[in-house]
Amino acid sequence: MQHKQQYVDAAPGVRLWTERRGAPDAPALLLIMGAQASGLGWPDALVDALAARHQVIRYDHRDTGRSTTAFDQHPYAITDLARDAVAVLDALGVERAHLVGMSLGGMLTQLVLADHPERVLSATLIGTCALSDTPYAAPDGTRVPVGELPGIAPEVLEMWSRPVEDNGPEAELDRRVEHWRVLNGDALAVDDSYFRDLERRIITHTGTHVASTAHARADDSHMLRTEELAGTKVPVLAVSAPAEPVFPPPHPHHLAQVIGNGTRVVEIAGMGHALPPAVLDPLAEAILAHTASASAASARP
């Protein structure tokens, strides 16, 4: 399988690390990770499964991995991270791509979908919420304001509220494994060694164990896209994770209501806000079925 790493210039003073796997002439699929997460947060097994049918692109956001550390000198907004995703496609010569976004990456995917629909073949949204203030229509007909939808679990909020101290690489690995244990939810067993190995590779890739807080401090204004999302013609898949502790159900169904256009919701059994081995095969199958369906629909006269 072809495997190529490349740095691209996304904005003045901003260089991003990218990686491509799969046949260069296969339909492009761009993976967009969450806040503070390197592109290596997408497990290799998932990337390889998707690369069987796609040229899969993953990349490091600003202030993650091998990409430019820029925030303290030049603060930016979350919307700039969405522009980076488009810049990656531009730099790699990709006219249109399937997008898969997780957590904050799901929000960035929505921003690209809303602002640059001509660049998107399909979108898959994982562990995220709708960039809309449209109320959720519950099955019983009740309209639930967005602010009253289920929120982040207390144990996640408690961990996110703790200051991150530099007590050395092994202590940082311990902290990250604990973080994944909380994000994984309570439906699937947690293999500490799996997440420790994942984070050790990310630390080696990054060149430092010190965690960035840039994305938590970035300006998150001007992100609502209610009208633009409702008007999209791009096929969208919303992944529902029953053990999700950050954006639990019914957030995926709210996404489907906001976007409309036949947006499908697929549940991955046991999934939380993490990508342990048990969810990788069903997740890859769901994504590949969605991209194949979108490609078939676009080929129809």
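Trainee: How many residues of β5 are buried?
Mentor: β5 is mostly covered. Strands here are DSSP runs (E, at least two residues) and helices are too (H or I, at least four), numbered from the N terminus. Buried means under 20% relative accessible area, exposed over 50%, partly exposed in between (1.4 Å probe, protein chains only). The count of buried residues in β5 is six of six.

Trainee: What should I know about the model before we go on?
Mentor: This is a predicted model: local features need pLDDT of at least 70, side-chain atom pairs count only at pLDDT 80 or more, and totals for chains, interfaces and linings use all residues. Residues are numbered from 1 along each chain as its sequence is written, and side-chain values use heavy atoms, with hydrogens and water left out.

Trainee: Which residues cover the two faces of β5?
Mentor: Both faces of β5 are covered. Ala 97, Leu 99 and Gly 101 are buried on one side.

Trainee: How many bridges join β5 to β6?
Mentor: Two strands pair if DSSP finds at least two bridges between them. β5 and β6 run parallel. Gly 101 stands opposite Leu 125 in β6. The number of bridges joining β5 to β6 is six.

Trainee: Which residue of β5 stands opposite Ile 32?
Mentor: β3 (residues 28-32) and β5 (residues 97-102) pair in the parallel sense over four bridges. Leu 30 stands opposite Leu 99. Opposite Ile 32 stands Gly 101.

Trainee: What is the bridge partner of Ser 240 in β10?
Mentor: β9 and β10 pair in the parallel sense over four bridges. With helix α9 (residues 251-259) they make a right-handed β-α-β unit. Right-handed means that, with the strands pointing away from the viewer, the path from the first strand over the helix to the second runs clockwise. The partner of Ser 240 is Glu 267.

**Helix α3**

Trainee: Why is α3 described as largely enclosed, and how many of its residues are buried?
Mentor: The buried residues include Leu 104, Met 107 and Leu 111. α3 is largely enclosed by the rest of the structure because the buried count is 11 of the 12 residues.

Trainee: Arg 58: what length is its polar contact with Asp 44?
Mentor: Arg 58 lies in strand β4 (residues 55-59) and counts as buried at 2% relative accessibility. A polar contact is a pair of N or O atoms within 3.5 Å; within protein, one must be able to donate a hydrogen and the other to accept it, and residues adjacent in sequence count only if both atoms are side-chain atoms. The Arg 58 side chain makes one with the side chain of Glu 19 at 2.7 Å. With the side chain of Asp 44, the length is 2.8 Å.

Trainee: Which residue's backbone oxygen does the His 61 side chain reach?
Mentor: His 61 lies in the loop between β4 and α2. His 61 is buried, with a relative accessible area of 1%. Its contacts include Ile 32, Leu 108 and His 215. The backbone oxygen reached, at 2.8 Å, belongs to Met 33.

Trainee: Is Ile 152 buried, partly exposed or exposed?
Mentor: Ile 152 is found in the loop between β8 (143-144) and α4 (154-161). Among its contacts are Trp 160 and Pro 245. Its relative accessibility is 29%, so Ile 152 counts as partly exposed.

Note on methods:
Contact = heavy atoms within 4.5 Å. Lists of a residue's contacts leave out its neighbours within four places in sequence.
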